[in-house]
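Dear colleague,

Please find the structure below, followed by an account of what was found in it. I hope that the explanations of terms will be of use to you.

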Amino acid sequence: MSHFRLVLANLGRHKRRTVLTILGVALALFLFASLRTVVTTIEAAAQFGSARRLVVTNATGIVFVLPLAYANRLRALPGVEGVSWANWFGGRYQDNKRFFAQFAVDAESYLDLYPEIVLPEDQKQAFLQDRGSAIVGKRLLEIFGWQLGQNVTIQGTIFPGDWTFTIRGVYTPSDRAINDDMMLFRHDYMEERIGRPGIAGWYVLRISDPDQAATIGKTVDDMFRNSSSPTKTGTEQAFNASFATMWGNVQLLMGTIGMAVVFAILMVSANAMMMSARERTGEVAVLKTIGFSDRTLFGLVMAEAGIMAFTGAILGLGSATWLYRATNFNAAGFLPGFQVTPRTLILGGGVALVLMLASGLAPAVRAARLPVVQALRRVE
Amino acid sequence: MKIPVIYNVRSVVQRPLSTALTAVGIGLVVAVFIGMLALANGFQAALARTGSPDNALVLRRGADSELSSGVTREAASILAASPHVAIGSDGRPMVSPEVYVLIPLNRPNDTVAVANVVVRGISEQAWNVRARVEVTDGRRPQSGRAEICVGRKIVGRFNNTGIGQSMRFGNRDWTVVCHFAAGGSAFESEIWGENEQFMPVFRGEVFQSLSFRLRDPATFDEAKRVLEGDQRITVDVHRESEFYAAQSALLGTILQILAVLITSIMAIGAVFGAVNTMYAAVASRGPEIAVLLTLGFHPRSVLASFLAESAIIAAAGGVLGGLLALPINGVVTSTTNWASFSEVAFSFRVTPGLLLSGLVFAVVMGVVGGFFPARHAAKLPVVQALR
């Protein structure tokens with residue numbers, strides 16, 4: 001490390017250039033981390049799902065409902081521990097500027113099946129007792145500045161009219177993949193208001209043995225095959241994964257942009273490194289004359305490139321990690337749990353390494369191979 | 001007096017590698033800029049073209065999409081009898097009460113990836129109401145038969161979409177008898193069949209929407225007022241073109257914001273690169289600049305000259321970026337339009353206007369990046385630099 005000060009002195013010679021190059025690398029890695037986090041968040045959503053939960057939907061499509069009467073038949077199946085159901089409500093709040101999801105759920109069984117939806121016991125009891133009540137995610141409460149006990153009116157688009165709910169509880173999800181900006185209200189209340197049509201959007205089953213998932217799924221689908229509403233049953237994970245694929249090829253899009261970003265910055269930093277190296281030809285010759293070995297000179301240039309690349313990387317990756325955590329960003333509910341993963345940080349480090357090699361290698365080799373006599377001729 | 005631009009061009013060529021690296025950096029930024037806006041453009045264009053300003057779309061009051069709407073047969077016949085509906089050459093009103101559902105289709109060779117494709121049940125009149133829709137291959141589905149027509153954009157994107165093949169949905173088999181084009185609109189991502197065939201297999205005795213040709217497009221407001229005020233029905237009347245354009249607003253805006261955000265961060269990085277390059281250029285040409293100043297060129301001319309040089313490098317990058325982005329024009333991609341929850345396939349659209357704004361963007365980056373180095377050059381102390 002005896003040459004460390006020499007490297008620092010070299011970096012300090014063109015302070016502006018060094019700072020701009022480091023900032024350029026930082027911006028690139030900030031973008032890299034952001035773009036990759038979009039992909040990892042969607043992937044995490046696709047991976048989410050308890051192995052013990054199955055989702056039963058109408059085989060014809062997600063927009064078709066199932067008879068509520070299926071609940072008892074599902075409950076009677078061996079291996080099924082719990083059954084709950086929910087409906088997509090699709091309402092609008094005020095001017096609909098900030099969209100959020102509302103679900104009508106069978107309150108008691110739903111909270112039982114989803115221990116990830118955590119809310120205080122007294123609020124849970126209040127929700128179970130008050131038919132016209134709703135529970136909302138912590139984020140939603142903050143966005144609209146609602147309070148416990150407040151009445152909130154939603155305009156139904158699928159089920160027309162004004163729907164007023166009393167907020168009786170605020171939940172915090174224990175798993176980041178679960179949205180913290182949903183509104184859950186009671187399915188029996190919805191049934192009552194629209195005249196008891198006896199419909200459920202989908203069913204959720206809890207099974208006692210995850211290994212039985214495929215068998216139970218098949219039993220369910222066989223049971224309803226010849227009914228008016230045939231079903232499609234799969235694990236919760238598969239259900240979520242199919243939603244994640246609806247985005248289309250996000251991986252390719254983000255990957256392509258990420259590559260372009262990294263390449264663009266590679267050009268910029270490689271250029272800066274080469275300019276520095278060219279200006280120092282004479283100096284390198286002098287160093288060689290006073291006894292610095294080729295290897296040391298190679299190391300000096302590489303160290304300089306490395307310091308710039310890794311300082312930039314730490315700044316960029318660090319600020320991305322910090323920013324998304326501090327602002328609790330979730331892309332208006334589209335990307336719950338948006339946080340830079342350790343794997344992304346490691347990959348970012350890899351990008352910095354490539355940057356160091358690509359921008360430092362050519363000047364370093366040149367410095368090492370520089371013919372002293374010829375170069376010295378140019379020194380005043 | 002101005003310094004001739006050829007001086008800058010020659011100077012740029014003197015340092016080919018450094019110039020090339022800077023230009024490529026800017027070029028990549030421009031390519032991403034054009035590419036992302038082409039994506040947003042393509043998506044919005046597909047939905048904006050879907051409706052016609054000559055048509056009105058009727059939904060149940062309060063419904064914000066065709067999916068959540070419902071129109072009874074009774075309401076449909078009341079609407080069809082309205083004097084605001086145009087009469088076709090066959091003497092019948094130009095209305096198409098429609099069944100609208102989403103069906104899950106697996107992407108080819110993939111058992112997980114599902115797309116929710118729109119299945120639209122139309123009346124015979126729909127082909128006349130929607131003037132831009134035309135059958136490109138095969139013949140129209142015949143009334144009373146389980147036949148369907150597949151939109152051009154999804155042909156081949158899903159299994160069994162070829163003519164003569166049969167697709168299974170809603171617990172029945174449907175024979176594909178034609179493919180249709182609709183001017184690049186989102187209709188091209190749909191499957192059409194007869195409404196009376198779809199009704200019993202999907203949602204029973206109810207239509208989801210009703211489209212009709214306005215007798216006089218200028219009287220839309222009047223038609224809207226009358227129909228929405230009709231006590232027998234509870235409906236909202238939208239101008240068809242506006243309705244579909246509004247459906248693209250959410251995702252279109254997200255894409256545009258994303259494009260601007262990503263490219264501005266990239267642009268800052270590229271500007272840093274330009275700053276470095278230009279400072280180096282100025283530093284290595286100290287004596288040259290001093291000579292120019294001694295010869296009597298005004299410092300302002302030197303400033304302009306170096307700005308021009310930076311702009312030239314950036315413009316070269318802009319052209320390169322445009323060329324890089326050009327091949328994606330027309331490439332078909334797809335996503336879910338969350339406003340309607342349906343799969344929309346659309347093409348990237350690289351327009352001449354977009355290419356031009358890419359070039360302007362590049363030049364702006366060059367001028368911004370070149371400003372401080374150029375000012376530095378203009379303020380160079382002559383005597384010192386001449387040594």
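The centres of domain 1 of chain B and domain 2 of chain B, taken over C-alpha atoms, are separated by 46 Å. The domain assignment, whose bounds come from an automatic or database source, gives domain 1 as 5–48 + 249–386 and domain 2 as 62–233. This is a predicted model, in which local features need pLDDT of at least 70 and side-chain atom pairs count only at pLDDT 80 or more, while totals for chains, interfaces and linings use all residues. Residues are numbered from 1 along each chain as its sequence is written, and chains are lettered from A and ligands numbered from 1 in the order in which they are written.

Between the two domains of chain B, 14 residues of domain 1 are in contact with 14 residues of domain 2 (contact means that the C-beta atoms, placed from the backbone, lie within 7 Å). On the domain 1 side, helix 2 (16–48), strand 11 (332–337) and strand 12 (342–347) of chain B each supply at least two residues. Helices (H or I, at least four residues) and strands (E, at least two) are DSSP runs numbered from the N terminus. Strand 12 of chain B gives the most to this side, with five residues. By class, the side consists of eight nonpolar, five polar and one charged residues. Here Ala, Val, Leu, Ile, Met, Phe, Trp, Tyr, Cys and Pro count as nonpolar, Asp, Glu, Lys and Arg as charged, and the others, Gly among them, as polar.

As a whole, chain B has 12 helices and 12 strands. Its radius of gyration is 29 Å, well over the 21 Å that the globule rule gives for 387 residues, so chain B is more spread out than a compact globule. The radius is taken over C-alpha atoms, and the rule is 2.2 Å times the number of residues to the power 0.38. The C-alpha trace of chain B spans about 95 × 50 × 35 Å along its principal axes.

Finally, the two chains meet. Chain A contributes 42 residues to the contact and chain B contributes 44 residues. Helix 2 (15–47), strand 8 (151–156), helix 9 (236–245) and helix 10 (250–279) of chain A each supply at least two residues of the chain A side. Helix 10 of chain A gives the most, with 12 residues. The chain A side divides into 26 nonpolar, 13 polar and three charged residues.

Yours sincerely
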